[in-house]
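Here is a short briefing to read alongside the structure. Look over the sequence and the fold, then work through the points below.

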Amino acid sequence: MSRSFTSAGTLDEAFAAIGAGARPVAGGTDLVVGARQGKAPLPEAIVAIDRIEALRVLDDTGGGLRIGALVTHEDVVASAAVRSRFTALADASAIVGSHATRANGTIGGNVMNASPAMDTGGPLLCLGATATLRSASGERVLSLDELWAGPGATTADAGELLTAIEVPAPAPGTGSAYVRLEYRRQMEIAVVGASAVVTLADGSVSDARVSITALSPTIRRVAEAERALVGGDGGDAGVAAAARAAAEGAAPISDVRASADYRTAMAEVVARRAIAAAIARAGGGDVPIPASDALYGA
Amino acid sequence: MADTDAAPPRPRFLRSDGKEKVTGAGRYTADLTLTGQAFAKFRYADHPHARITRLDTSKARALPGVVAVVTQDDLPDVRFGGLVQDRTLFAKDVVRFEGEIVAGVAALTEEIAAEAARQIEVDYEPLPVVSDFVAAMEPGVPPIHPDLASYEKDENVVADGNTMAYSTIVKGDADAGMAEADLVVRGRYVSDASQGVPIEPRAVVAQWRGDEVTIWSSTQVPYAAREGVAHTLQVPEANVRIVVPLLGGGFGAKCDLHFEAQVAALARAAGRPVKLVFSRREEFTAIAQRREGIVMEFETGVTREGRLVARRAKLVLDKGAYCGEGGFLGQMAAMHACGPYVIEHIFVEAFLNYTNNQPSGSVRAPTAPQVCWGLEQHMDEVARAIEMDPVELRRRSLIEQGAEGPTRQIFDEIGMKRTLERAVEMIGYERELPEDEGIGVAVGWWPCMPASSGAYVHLNGDGSGTIVTGAQENGSGAVMAMPMFVAEELGMRPEDFTILYQDTAAANWDMGSCGSQTTFNSGRAILAAAADVREQLLDAAAEELEVDRQDLELADGTVRVKGSPDRSVSVGDLAGAGTIHGKGSGDVPEVPGGDTGGCVGRLGNETFLAPQLITQAAHVKVDRATGVVRVLKVAAAHDSGMILNRSGADGQVTGGVVMGVGLALSEGTQLDDEGRQRNPALLDYKLVTSADTPEIEVDWIQVPAKGAGPRGSKGVGEPPQVPTAAAIANAIASVVGTQVRQLPMTPERVWAASRGAGA
């Protein structure tokens, strides 16, 4: 049972409440739903940060991107900058939950919830995003690798608030994609997901980043898969080899959603599709957003 | 869309509960708040099967804010259930599934009630858990109900060990028939359990006044609830009033007595109103109404020309821990293992077995979608075996007028074969498709359920009218359409009438919103009541206008002389004294006879009254690499007799098909080894969403049904779900090259089947 609820209008008010032990809530799509499902009771003290306008800004920084923690998935998908240069992130935000989830759920909440199945995590990781954490005493910037500590766990201190995600400018000739296995078209959670960011230069792959989602305790990049692509021509053989490597990097479990065998097999399929879509986009091809939909057809 | 038998033109009709539901103004049971109300919580079993050795409620009772704690020791020692009375309101000595209720608590807040329920101390001696419903009937498996022989039960129930009911459908000599066949084809199919999942979770509010109790409940069957409360609390039915506020869906899952009596017992003990609202988890685990798991083995003897010489089938069904209203499920499943086909020799047996799983009961066309899914895939296998197109095999073997059913019932004029041709036409069966797309066809049937009903139509002094019916509106619009029918009988407007419904103190007994029976039976009663009013109006007008009754007609809110519309008297004037009251029940249709003498465990489904006949064809796209299936289109052609309300009937097909897509592809309750549900939540029990909805094309083959519902109609609500999963299954098989033998056909299962076929 929640004992106190504060609504902060500014970052200072938020830090005051957090300093007094309150947990921040923005869209409430994880915290509230989780409490209703009995995952974890609502915290004793909650501070709503959804009125802090400064955190709601999505800045095109001229090449790179600064995404305020309160930017919703709907805002992300609507951003021309995201769609054109950080397409994998648009792929992900476009398929989080339902229309209602996307209208309320925030990028900050998604990242700080640290679920290994979060859709935006893989794209952000591959795009080299960093998290800006602020506290009453200062600010620090972490890579997402450094931020995520395990399922539902981060290295942020109790007094810290994620204020923004910064994404550096991708090199020219870069394309990206996120693909998720989808049992149904809305209200879905990733059972297997894969992200790819690929840069083409002079007809060969000059840089590649590949990550897998919902296949290990945290979302992780698979170096073997990336190595299989770099230096190659981005053709079917290289893509297939990279996808196999991505699947080998998985540590899947068997549960109510799928068997480990199926997850492993799907890791390869989904990784292959994500990499192929990223290469197609890098080469100027048109793969509609979200890539998942386009690849399943109809 | 072709409407071959156009209905008479009808003014645009808006259902009277539509606006409040769409705008959110409508009030459901959970929205009720009574002064002084307390909140109920249940303490559930801590083991799926165990003997209770100690039950101590003293800590819970001592908790401040607790106003009542009730266990079975506080209540009359009676058992309830449909065909077998095997359950008590709260556990008596033994718990038999995870959702068994050990005790109930009422407290001033929900939080206190939840804490008190936790503080009830229960010690158990665990008993062996029987979750595998096929193994349940093997020798040596301990009985789940050792006292089954001594329970009250229907005289036709054949019970043995953990088999609660054994039934057969028998015609001719199946062994001889198999010997005569050119080929014998066998197939085994397994369906998981699934759920009805109404979006409104169950809610019950009970309030006593002296010895009388009023219970507001989200039930589909208020009169069955009244009977259940009266029986289990040992009070007269007259003292129990069930009122249903708006009902937020049911799909069968809100049939039967469900928690009204426990809440009434808590309210009586507390001396104040008590309210229960289920969580989504409870809506999955504690209810005794889910679609049963079934293991099906089919064997069909066929000639090369597609004549079905013999059918053998063995069906094993998971009854779960208690009978509830679902005692008939085995025999119903057996009829669906025959299907709407002409088969010369039949031996089908069904075992409805007790387990320590959640009890199963009626969910929309109980047993039919799963058995149809198995049988219709088997029929496609039969067609393949004789190298015949599956539609052609059905064309040659479906029932028609004069044909003989599984127990030799003879059919009147029916549209079965016409539904096949129409569905095949709508889906474009013959056209070329991309290699990852396929079309499947399936047929099915469902009986009409005859039952008594009664209605009143009162005319008020100003000429408006009130319809009083025991019928229950589950959302389908069947009750909302009643003013339209009454107005047509009386030459009035639908908006001249309001409806008093869902209150057992006001209206006659009604079976409830189940068995596709609302228009079929309650509609008959309402039309009879309207005819009674019509007679009274004609008598009164004949006297007023001094003309012969024969010369009068009812139109435009008046009774007038045919051919001289200016000689008229308004209904308002005739009704001015407030003396015009009609009542009616109509004659209950009779179930047709047959040669049922060879059948064992006859529970009333050996023949089908006015069968509703269905063909659906599905067009799917299969992603072979992942097993993900998208349903692109479903074409549905139904014979439900004459259609009385086209938009309502179309709506039932649309909803039924969507529900069928879920059953086909994603909806399955997964159990652990001890019968506990692994996915009792909407994240992992996957309903389809509106985004997954295929194009759905509907047409009706309107053949007037003799001796059936009003104006030549049959039921409508359940059949739409019967063959959807089957049609999708056959479509998938046409792409992946093999049948998927487990339901739901999840991506993983389709992928595995596809790999098996490719190997």
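What radius of gyration would a compact globule of 298 residues have, and what does chain A have? The globule would be near 19 Å, and chain A has 19 Å, which agrees. The model is predicted.

**Chain A**

- Chain A contains 13 helices and 14 strands.
- Its C-alpha trace spans about 60 × 45 × 35 Å along the principal axes.
- Of its 298 residues, 52% count as buried.
- Take the contacts in chain A with a separation of 6 or more: residues 24 or more positions apart account for 66% of them.

**Chain B**

- Chain B comes to 17 helices and 27 strands.
- Its radius of gyration is 27 Å, close to the 27 Å that the globule rule gives for 759 residues, so chain B is as compact as a globular protein of that length.
- The C-alpha atoms of chain B fill a box of roughly 85 × 70 × 50 Å, again along the principal axes.
- Buried residues make up 59% of the 759 in chain B.
- Of the contacts in chain B between residues at least 6 apart in sequence, 80% join residues at least 24 apart.

**Where the chains meet**

**Helix packing around α16 of chain B**

- Two packed helices are described by the angle between their axes and the distance between the axes.
- Start with α15 (residues 646–665) and α16 (residues 724–736) of chain B: their axes come within 8 Å and cross at roughly 55°.
- That angle makes α15(B) oblique to α16(B).
- The crossing of α15(B) past α16(B) is right-handed.
- From α15(B), the contact uses Val657(B), Gly660(B), Val661(B), Leu663(B) and Ala664(B).
- From α16(B), Thr724(B), Ala725(B), Ile728(B) and Ala729(B) take part.
- The residues of this α15(B)–α16(B) contact divide into seven nonpolar, two polar and no charged.
- Helix α9 (residues 368–385) of chain B also packs on α16(B): the axes come within 8 Å and cross at roughly 35°.
- α9(B) passes α16(B) in a right-handed crossing as well.
- α9(B) contributes Pro369(B), Cys372(B), Trp373(B), Glu376(B), Gln377(B) and Asp380(B).
- α16(B) answers with Ala725(B), Ala726(B), Ala729(B), Asn730(B) and Ala733(B).
- This α9(B)–α16(B) contact divides into seven nonpolar, two polar and two charged residues.
- Ala725(B) and Ala729(B) are named in the contact with α15(B) and also in the contact with α9(B).

**Backbone exceptions**

- Most residues other than glycine have a negative phi, and most peptide bonds are trans.
- Which peptide bond in chain A is cis, with omega near -5°? The bond runs from Ile289(A) to Pro290(A).
- Pro290(A) sits in the loop between α12 (260–282) and α13 (291–296) of chain A.
- In chain B, a cis peptide bond joins Leu743(B) and Pro744(B), with omega about 0°.
- The loop between β27 (742–743) and α17 of chain B holds Pro744(B).
- Glu387(B) is not a glycine, yet has a positive phi of about 55°.
- Its place is the loop between α9 and α10 (390–397) of chain B.
- Is Glu387(B) buried or exposed? Glu387(B) counts as exposed, because it has 7 C-beta neighbours inside 10 Å, and 12 or fewer is the cut-off.
- Ser516(B) is not a glycine either, and has a positive phi of about 50°.
- Ser516(B) lies in the loop between β19 (497–501) and α13 (518–545) of chain B.
- Is Ser516(B) buried or exposed? Ser516(B) is buried, because 27 other C-beta atoms lie within 10 Å, and burial takes 20 or more.

Key. Residues numbered from 1 in each chain as written. Chains lettered and ligands numbered in written order. Predicted model: local features only at pLDDT ≥ 70, side-chain atom pairs only at ≥ 80, totals over all residues. Helix = DSSP H or I, 4+ residues; strand = E, 2+ residues; numbered from the N terminus. Rg over C-alpha atoms; globule rule 2.2 N^0.38 Å. Contact = placed C-beta atoms within 7 Å. Axes fitted to C-alpha atoms, helices over the stretch in contact; angles between N-to-C directions. Parallel < 35°, antiparallel > 145°, perpendicular 65-115°, else oblique. Left-handed = near helix turned anticlockwise from the far one by under 90°. Nonpolar A, V, L, I, M, F, W, Y, C, P; charged D, E, K, R; others polar.
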